[in-house]
Structures are given as C-alpha cells and as structure tokens.
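Let's walk through this structure together, starting with its open spaces and then moving to what is packed inside. Keep the 3D view at hand as you read.

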Amino acid sequence: MKYLVKKSDGSSRWRGLKQLLRPNIASLKPYSSARDEFSGADAVFFDANENPFNAPYNRYPDPYQKKLKEKIAALKGVKPDNIFLGNGSDEAIDLLFRAFSVPGKDNVVSIDPTYGMYQVAADINDVEVKKVLLKPDFSLDVEALLSAADGNTKMIFICSPNNPTANSFSYEDMEAILQGFGGIVVVDEAYIDFAPEKTLLSKLEEYPNLVVLQTFSKAWGVAAIRLGMAFASEEIIAVLSKIKYPYNINILTQEKALELLENEKEKQKWVEQILAERERLVRELKKNPLVKNIYPSDANFILITVDEPEKIYNRLVEQGIIIRDRSKVAMCEGCLRITVGTQEENDKLIEELKKITEK
Ligand SMILES: *Cc1c(COP(=O)(O)O)cnc(C)c1O
C-alpha cells in the first residue's frame, strides 16, 4: 500500500505506511501476552498467574475481542481485520497520534470548529494542530485543508456529522481530501446513525489512508461501557493493535456489546424516536422568540443561536436543565448546543425556555 506524502519543499512522493509511522512505532516489538502465545479455549491455563476461582471473571479477556469483531464486521460489511476496538473513540484518537505523529515535530490538520478531543490528544502528544475554519455555511474548505498540510502533516481530522455544528459534509468533498492528501484522513462518524448520509465505510478498500471512527456511546446508548470503533486497512489496524494496552476492552464491556448487537432493532427504535423528538424540538423552539436561528441537524443534538447565550444557559442551570454553551467556539457566536432527550425531558426544556421569555 502506498501513501502520497508531501515533502517539505512542497513536492510529493509515494511512500509505504512504514514511512508515515513514527520510526519507533514502525520498529516496535509489542508486548506478548499469555493469551497472544496461546489462545485455545479447551485447555487448563497455568500461564497468566490468574486466580483459578471466580470464573469467568478470573481470566484475562480476549485481547483482540475476536467474537465481538466478527459480529461488528458482519453488521458493518467489513472484515474483522479492518476493526480496532478501543476504550471509547478517545482511545483510538490517542493511539493514532501515538502511531503517526512525532512529538514536537509533526502536526495534524483539523477542521474548526469541531470535537475538542482532537486538540486535547494532540496537546498530550505534543503535536501542533493546524485549524482550518469551515466555510460560512459550515461546509468543508477542501482547498484550505489540503494547502494547510505540509511535509510534517501526518493526519487530517474531519468529523461528519460534525460536533458542534450538527451538519454532515458532502461525500465529494471528503473524497477530494482522501484523494488529495496522502497521509491519514480520520473521519469521525460518532453521529452517523442519526444522519441520512451514508457512512464512508464502503470506501475503506478504495482509500488505504482512510480511518473511520464510530462509537457505542451515542446511538447504541451505552456511553458508560466505553467502547469505540476504528475502521481502516488491515495494515493500519495492525499498528493500532500493536500499540494498545494488551487487554484494553474488559470482559463486561465485550459481553454487553455482544448482547446489544443481538438486538440492533432496539437501537434503530431509539434512533427513530430521537429523530422524531429532534424534529418536534425544532418546531417548538422556532416558536420561541429567544431562538434566533436553528442550524439543520444530522445528529442527536441541535445548535441554536440566541442573543444572550450565557444568561440563558445560567437560567436553565437554575432549573436543573443543563445544555452546552458553545458561544466561545469559533464560528459559533451566540450558540447553545442541546442534546435531544426523551419527550418528557424535551417538554421540560421547552417549558422553561418559554418561562424565560415571559420574565
Ligand atoms: C461523543 C463523541 C465521540 C464519542 O467518544 P467516545 O470516546 O467513543 O465516547 C466521538 N467523537 C465525537 C465527535 C463525539 O461527539
């Protein structure tokens, strides 16, 4: 597999994945766990210093979550070897930095505004983030993103549907970036289940530089079990698997996720209810004079504009209603972000906002 990499003089050339990786990661010899060395089921285990009592929790979990990956692979139409599972998407984001970005030297390009974790993971890894503003209509500025990349840019981060702007980006624009940039393009699809747009997963084979992130934290309703997914070429997944903590997904999480996957219909039902409530929330908020603008949403939250975001945020807090003040974020002046709740929760929000108008 070859990746187009820009050199510092602006010219480009094709290189293998190995040259994109941090040199120490490319040559890393990973920890070999007891379960790496022997992974059969029907055996008596004396190799991991576990307690022989209290089955099944006495045994270390499957370090590669084989069963779970097979289920997810079948659901998503990819191969198990195209899947990395992490302690939330956050683990995958951090590992991508650790795999590709040389601290203090490399940089990443990211859209702005977007999810705050890319910046935090970059800061932790001492990697510069070159931020490229979205266009005024919140679409991707493809040219600006591509020209922001230089010889030390290993990754471009895109989030679609984007948090906090709530819109999805056009497939053509994302493909233009995948084609125009030879490093890794990370597309965070945390909210894809709520969007009418298709996932980019079907493009994995076409673009060896694509990494798609998804999560169990939103549509699947299990933020508490901490399970995130990264989908990419076998080559990239092998690198992430090599550098993760050996037993990063605990057995309770693996079991709970297997159980959820047996009942995908329930997730679908939740999504439908949330989408119906989102539309109702939008209709109701449009009637409230405090609300100046409601951005179109492809996610399970809406972004609204008001004149006095801080005041409204604080008034709601006094009533025990917590939304997110995003008014200090680039391009989001006056913006509040509201997650779609249950019917009763949304009613409460709508009522309290009405009361604020009356005061
Ligand atoms: C909520 C969210 C996630 C989920 O992160 P987890 O660590 O999987 O819970 C990922 N990306 C974005 C953009 C999000 O808003």
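A pocket, as the word is used here, is an open set of grid points where a 1.4 Å probe fits, with protein on both sides within 12 Å along at least five of seven lines. The model you are looking at is a predicted one, and its largest pocket has a volume of about 690 Å³. Of the 22 residues lining this pocket, Arg35, Ser39, Tyr60, Pro61 and Asp62 are the closest to its centre. Which helices supply at least two residues each to the lining? Helix H3 (34–37), helix H4 (66–76) and helix H10 (251–261) each do, and H10 gives the largest share, with four residues.

Now let's turn to the interior. In soluble globular proteins, nonpolar side chains tend to be buried together. Here the largest nonpolar core has 79 residues, and Leu140 and Phe216 have the most contacts inside it. Helix H5 (residues 89–100) contributes the largest share of this core, seven residues. Both domain 1 (4–261) and domain 2 (265–358) are represented, with at least three residues from each. Leaving out residues up to four places away in sequence, Phe216 touches Ile72, Gly221, Val222, Ala223, Leu227, Met229, Ala257, Leu260 and Leu261. Apart from this core lies another, of 28 residues, including Ala190, Ala219, Ile302 and Ile338.

Nine of its twelve residues are buried, so H5 is largely enclosed by the rest of the structure. Among the buried ones are Ile93, Leu95, Leu96, Phe97 and Phe100, but also Ser89 and Glu91.

Lys203 sits in the loop between strand S7 (184–188) and strand S8 (210–215). Is Lys203 buried or exposed? Its relative accessibility is 17%, and because buried means under 20%, Lys203 counts as buried. Beyond its neighbours within four places in sequence, Lys203 is in contact with Tyr171, Glu175 and Leu210. Lys354, found in helix H13 (residues 343–358), has a relative accessible area of 36% and is therefore partly exposed. The C-alpha atoms of Lys354 and Leu275 are separated by 22 Å, with the two residues 79 places apart along the chain.

Technical notes:
Residues numbered from 1 in each chain as written. Predicted model: local features only at pLDDT ≥ 70, side-chain atom pairs only at ≥ 80, totals over all residues. Heavy atoms only, no water. Core = buried A, V, L, I, M, F, W, Y, C linked by side-chain atoms within 4.5 Å. Buried < 20%, exposed > 50% of the residue type's maximum accessible area, 1.4 Å probe, protein only. Domains from an automatic or database assignment. Contact = heavy atoms within 4.5 Å. 1 Å grid on protein atoms, 1.4 Å probe; cavity = no way out; pocket = protein on both sides within 12 Å on 5 of 7 lines; lining within 4 Å. Points joined across faces, edges and corners; volume = space filled by probe spheres on them.
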